[in-house]
Amino acid sequence: MSSMDRFEYIVPCHFGLEAVLKKEITDLGYEIVSVEDGRITFAGDAEALCRANIFLRTAERVLLKVGSFHAETFEDLFQGTKALPWGDYIPKDGKFWVTKAASVKSKLYSPSDIQSIMKKAMVESMKAAYREDWFPESGDAYPIRVFLMKDEVTVGIDTTGDSLHKRGYRKLTAKAPIAENLAAALIMLTPWKGDRILVDPFCGSGTIPIEAAMMAANIAPGMNRNFTAEEWTHIVDRKCWYRAVDEAEALIDTNVETDIQGYDIDDDMVSIARANAKLAGVDHLIHFQRRDVAQLSHPKKYGFIITNPPYGERIEDKQNLAGLYSMIGERYRMLDSWSMYLITAYEKAEQSIGRKADKNRKIYNGMMKTYFYQFMGPRPSGSKR
């Protein structure tokens, strides 16, 4: 395939964060084809596959779209899958399987049946393409993902491998860590910029401060990891990957001045956060400290709190929550002209904090419904937000 080829890419994300991902893709210079719940489709060349994997902060993974068709019966599914040009993508020795099938409001909904029927259809399609009866599947991996929405089947090959939230820096985790791509999206939903103050009083293994520091230093999230599609040299030339990494290297500015702080009540968490920040190359940009939220204070104005406080999933005792959130509210009121953004599943958060949020956004963290409460402070005088 030539590098001038135009492909379509499907990029899944957390439900409720489509707008943030859409802006990221547009900022990379690509044209949006469609926006659906939990995923964006965009058009781009082979190089877009590398750049999307390396630069997108809020995505789950990047799928190379093979095609879509309507199917209400397993026969429709078989024929529709078989008609797709598998031979254009998967080499004769490629290892191919349907790793995940998701179905919403469709007549076909059993993932295991969808997976096995599609696999059979792909084999038939490959037989015709290669005039072979048998495939060793001893080569590189081509994991297929399929979405059925109202009987419309969309098929893509996963270029990413381990989900994009795995940046490679989090070797050690908290009990219920926030995913890196979700943390990045939350920061992007605020007007925070790298030269402003940021405090996370419940930093756990450090994800929110680390993602913020990587943004401040302009470090691409995927530059220190591997991707499944690196082996697909017939689709993407290796040079594309080298070029994308070179582009990422050239953008980094680790001399940036920051005021990013992460606090946690647990000493072990603080040392884990420090170790993770070091792996991410941003330990010099963040100040971590053991500190109870009851001691939260800051002399300067116009700072930001961005945090993922406990919400009963992790606290053995839900009774403590009201007290914890009223303490958050109390400390926040003592901060002069600050903004506070917090994501939580605790339904009575605003009540306990003692103030209604200026904005609140529903975000699904896996299957869990959470709210991103946004308490806006005044703008610094003379600044453009």
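How much space lies in the largest cavity? The largest cavity holds about 30 Å³, a cavity being a set of points, on a 1 Å grid over the protein atoms alone, where a 1.4 Å probe fits but cannot get out. The structure is a predicted model, in which local features need pLDDT of at least 70 and side-chain atom pairs count only at pLDDT 80 or more, whereas totals for chains, interfaces and linings use all residues. Residues are numbered from 1 along each chain as its sequence is written, and side-chain values use heavy atoms, with hydrogens and water left out.

Volumes refer to the space filled by probe spheres set on the grid points, which are joined across faces, edges and corners. By this rule, one cavity of 30 Å³ or more is counted. The lining of the largest cavity consists of Pro201, Phe202, Val293, Leu296, Ile305, Ile328 and Met340, lining residues being those with an atom within 4 Å of a point. Seven of these lining residues are nonpolar, with no polar and no charged residues. In this classification Ala, Val, Leu, Ile, Met, Phe, Trp, Tyr, Cys and Pro are nonpolar, Asp, Glu, Lys and Arg are charged, and the others, Gly among them, are polar.

The largest pocket contains about 810 Å³ of space; a pocket is an open set of points with protein on both sides within 12 Å along at least five of seven lines. It is lined by 22 residues, of which Cys13, Phe15, Gly38, Lys100 and Phe147 are the closest to its centre. Strands E5 and E6 (141–149) each supply at least two residues of this lining, and E6 gives the largest share, with five residues. Helices (H or I, at least four residues) and strands (E, at least two) are DSSP runs numbered from the N terminus. By residue class, the pocket lining comprises 12 nonpolar, three polar and seven charged residues.

In soluble globular proteins, nonpolar side chains tend to be buried together. A nonpolar core is defined here as a set of buried Ala, Val, Leu, Ile, Met, Phe, Trp, Tyr and Cys residues joined through side-chain atoms within 4.5 Å; buried means under 20% relative accessible area, exposed over 50%, and partly exposed in between (1.4 Å probe, protein chains only). The largest nonpolar core has 101 residues, among which Trp86 and Val282 touch the most other members. A second, separate core of 25 residues includes Val293, Leu296, Ile305 and Leu342. Of these, Val293, Leu296 and Ile305 also line the largest cavity. Beyond residues up to four places away in sequence, valine 282 touches Ile210, Ala213, Met214, Ile219 and Ala277, with contact meaning heavy atoms within 4.5 Å.

The phi of lysine 105 is positive, near 50 degrees, in a residue other than glycine, and its relative accessible area of 65% makes lysine 105 exposed. H5 has 20 residues and reaches 28 Å from its first C-alpha to its last, close to the expected 28 Å, where the expected span is 1.5 Å times one less than the number of residues. Its buried residues are covered by elements including helix H3 (74–82), helix H4 (86–89), E5, E6 and strand E7 (152–158). Serine 125 is situated in H5 and is buried because its relative accessible area is 8%. Outside the four places on either side in sequence, serine 125 touches Lys82, Leu84 and Trp86. Arginine 131, which follows H5, has a positive phi near 50 degrees.

Helix H10 (residues 320–334) has end C-alpha atoms 22 Å apart, in agreement with the 21 Å that its 15 residues should span. Leu321, Leu324, Tyr325, Ile328, Gly329, Arg331 and Tyr332 are its buried residues. The cover over them includes E11, strand E12 (339–344), helix H11 (349–353) and strand E14 (368–375). Tyrosine 302 lies in the loop between strand E10 (286–290) and strand E11 (304–307). Although not a glycine, tyrosine 302 has a positive phi of about 60 degrees, and with a relative accessible area of 21% it is partly exposed.

Phenylalanine 55 belongs to helix H2 (residues 46–55) and counts as buried because its relative accessibility is 13%. Phenylalanine 55 and glycine 222 are 167 residues apart in sequence, yet their C-alpha atoms are 6.2 Å apart in space. Apart from neighbours within four places in sequence, the contacts of phenylalanine 55 are Glu24, Leu28, Ala220, Pro221, Ala244, Glu247, Ala248 and Leu251.
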